[in-house]
Amino acid sequence: MNLLRVENLTKSFGGLMAVNEVSFAVEAGSIVGLIGPNGAGKTTVFNLITGNYQPNAGTVDFDGVSLVGLPTHTIVEHGIARTFQTIRLFQNMTVLENTLAGCHCRMRAGALAAMLRTPAQRREEQKALEQAMAELAFVGLAHEWENKAKNLSYGNQRLLEIARALATQPKLIVLDEPAGGMNDQETQELIQLIRNIQHKGITVLLIEHDMGLVMRVCSSLVVLEHGAVIASGTPAEIQANPRVIEAYLGADSE
Ligand SMILES: Nc1ncnc2c1ncn2[C@@H]1O[C@H](COP(=O)(O)OP(=O)(O)OP(=O)(O)O)[C@@H](O)[C@H]1O
Ligand SMILES: [Mg+2]
């Protein structure tokens, strides 16, 4: 079953076709990689899926819902969470507070209940705290909960973004270059974390330039070049595809 399906997705910026009739599907429970050279349109595809940009044409269907035109927070409520290529955290807030920001998108008690501190609101806040701590433990950051985000290493800031995304209780998590800025050890741990996310039943769509990671962790790949899909298939198929080797993998694949 496909959890996500994009068809003929198109986005131009002025005269530049950043994304040109892109179609692909993400099967529920899979880990799919979106790869391609710098400027190929990968992040723009993510921004179209998550509602940060509106497409000029095309459709995005997720779990039976058409997402085009919906605001970002509604798309989060439908079950898509993301991380950003350029880290976006509340730098002066603690690790726990950053993670709670993810939990809050699922909380039902309104502003009035929050002000009056009703029992229902306190119960919900307690549940959010427990869930946030559980997500931090899951990514390996529980011991940092009181630290400010800005004091974390670059790699740990990336993990905190993943914890915040998981706190929204997504069906699909989209990760934009999660290994960016990570050392080898951190990348190895990230590979395990991505697998653990899959084991929780969450589908993963990721953009990544680290081919070692992509080839080890992804069940299928979609390759973009100049805004268009030039290939899709298993990692083995992609590694052997002459067009992909020429456009992207080059000498690295040898
Ligand atoms: N908001 C924007 N306004 C104008 N042009 C944009 C905008 N966002 C992206 N572009 C352009 O669209 C093209 C695709 O950009 P995008 O960021 O999607 O590429 P990418 O595949 O994610 O690249 P990278 O691997 O470097 O992150 C690039 O030429 C980029 O300059
Ligand atoms: Mg990008």
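Leaving aside neighbours within four places in sequence, H209 is in contact with G36, P37, N38, K42, E177 and Y248. The model in which these contacts occur is a predicted one.

- H209 is placed in the loop that runs between β8 and α8, the latter spanning residues 211-217.
- G36, one of the contact partners of H209, lies 173 residues away along the chain, yet the C-alpha atoms of the two residues are separated by 7.8 Å.

**The sheet and the helices packed on it**
- An open sheet is formed by six strands, which follow one another in the order β6-β7-β8-β3-β9-β10 and whose pairing is mixed.
- At the edges stand β6 (80-82) and β10 (228-233), each of which pairs on one side only, and the twist from one strand to the next averages 20°.
- Strand β7, residues 172-176, pairs with strand β8, residues 203-207, in the parallel sense over five bridges; within this pairing, I173 has V204 of β8 as its bridge partner.
- Helix α7 (residues 184-199) packs on the sheet, where it touches β3 (31-35), β7 and β8, and its direction makes about 150° with that of β8.
- Helix α10 (residues 242-249) also packs on the sheet, touching β3, β9 (220-225) and β10, and its direction makes about 125° with that of β10.

**The largest pocket**
- The largest pocket has a volume of about 440 Å³ and is lined by 18 residues, of which V76, R82, F84, R164 and T168 lie nearest its centre.
- Two or more residues of this lining come from each of the elements α2 (72-78), β6, α3 (95-103) and α6 (154-167).
- By class, the lining residues of the largest pocket divide into eight nonpolar, six polar and four charged.

**Helix α3**
- Helix α3, which is among the elements that give two or more residues to the pocket lining, has seven of its nine residues buried, so this helix is largely enclosed by the rest of the structure.
- The buried residues of α3 are V95, L96, N98, T99, L100, G102 and C103, and what covers them includes α5 (119-139) and α6.

Note on methods
Residues numbered from 1 in each chain as written. Chains lettered and ligands numbered in written order. Predicted model: local features only at pLDDT ≥ 70, side-chain atom pairs only at ≥ 80, totals over all residues. Heavy atoms only, no water. Pairing = 2+ DSSP bridges. Helix = DSSP H or I, 4+ residues; strand = E, 2+ residues; numbered from the N terminus. Axes fitted to C-alpha atoms, helices over the stretch in contact; angles between N-to-C directions. Contact = heavy atoms within 4.5 Å. 1 Å grid on protein atoms, 1.4 Å probe; cavity = no way out; pocket = protein on both sides within 12 Å on 5 of 7 lines; lining within 4 Å. Points joined across faces, edges and corners; volume = space filled by probe spheres on them. Nonpolar A, V, L, I, M, F, W, Y, C, P; charged D, E, K, R; others polar. Buried < 20%, exposed > 50% of the residue type's maximum accessible area, 1.4 Å probe, protein only.
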